[in-house]
Amino acid sequence: MNYYPRTTIVLFLVLFVSTVSFTIFGKKEMKALPKVYRELFGAVPAGEVNIDGKMQTTTSLFMMQSEVSNKEYRDFLNDLKASGQTQAYDQYKIDSTGWLQIATYCEPFVTYYHQHPAYDNYPVVNVSYDGALAYAAWLESKMNVHTAKTGYSYEVRLPSKAEWIRAANGLQQQSNYAWGGPYVRNAKGCALCNFNGKLNAQDTIEVSLYHDDDAMITAPSKSYFPNVFGLYNLNGNVEEMVQERGIAMGGSWRSPADAVLNTSETNYTNPSPTLGFRCVVVLR
């Protein structure tokens with residue numbers, strides 16, 4: 001027979017009750033979304049986040065389970081073109097030449113990454129902050145077509161920095177990674193997210209082809225395991241733009257393990273092959 005310290009049993013029960021409470025919350029709250037969109041989002045309860053030593057309270061919201069994909073962003077662009085919004089299309093279109101910022105071996109991605117069906121479910125990159133805002137506004141208009149049926153209206157936008165960290169922390173108020181553990185690999189040494197396993201933060205190598213996490217560049221938007229809220233790839237894969245312009249969270253496929261934390265923050269000015277986004281929905 002196995003015996004466990006009383007503190008271990010108590011901790012397990014607390015986590016179990018918290019998880020059950022969340023599951024009930026999530027199922028109930030998801031019914032507020034139009035049925036066609038429910039599988040795209042996870043419900044994130046209200047919580048508190050420590051930002052620069054100050055506690056901030058976040059309200060409940062729905063966050064996209066994964067980063068916006070190439071196909072999803074392409075649908076947005078095609079809708080702009082079909083409706084005759086050519087100026088907006090030109091403003092928000094993908095700059096696929098951004099792949100050349102990395103290395104010459106990335107040249108095939110210029111042609112194929114954003115258009116080939118094989119990459120449909122990979123995160124869209126090389127898009128601007130204004131493009132991300134425009135996508136959110138477009139999705140908001142699509143969701144609000146269902147307002148009469150659901151009884152709710154919807155605000156769609158980028159998450160704030162505090163909201164993003166709160167979603168990544170899951171049931172914990174503070175955590176290194178979205179899966180709740182302190183390490184980026186499991187006990188067998190397998191990577192738990194898409195990061196650059198060869199580099200440390202102090203290294204300055206331009207690019208590494210080392211990819212023991214099964215991804216040479218980005219991985220599909222729903223890769224590895226989701227956190228307790230059903231959210232994928234909050235750590236690594238692509239840095240995610242937040243509401244605060246010029247700030248991205250979570251690190252990317254080029255980042256070392258110590259730069260894909262829930263609190264990892266980078267600054268950007270232009271579209272990049274390491275930069276993507278996901279949206280949140282707030283009920284009105």
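Biologist: At about what angle does helix α5 run to β5?

Modeller: This is a predicted model, where local features need pLDDT of at least 70, side-chain atom pairs count only at pLDDT 80 or more, and totals for chains, interfaces and linings use all residues. Residues are numbered from 1 along each chain as its sequence is written, and side-chain values use heavy atoms, leaving out hydrogens and water. Helix α5 (residues 129-143) lies across β1, β4, β5 and β10 (280-283); helices (H or I, at least four residues) and strands (E, at least two) are DSSP runs, numbered from the N terminus. With axes fitted to C-alpha atoms, for helices over the stretch in contact, and angles taken from 0 to 180 degrees between N-to-C directions, α5 runs to β5 at about 160°.

Biologist: Which strands does helix α7 touch?

Modeller: Helix α7 (residues 161-169) packs on the sheet, its direction making about 80° with that of β4. Contact means heavy atoms within 4.5 Å. The strands touched by α7 are β1, β4, β5 and β10.

Biologist: Which strands stand at the edges of the sheet?

Modeller: The open sheet has 4 strands in the order β1-β4-β10-β5, with antiparallel pairing; two strands pair if DSSP finds at least two bridges between them. Each edge strand has a single partner, so one side is left without a neighbour in the sheet. The edge strands are β1 (41-44) and β5 (154-157).

Biologist: Which residue in β4 is the bridge partner of F41?

Modeller: β1 and β4 (residues 61-64) pair antiparallel over 4 bridges. In β4, the partner of F41 is M64.
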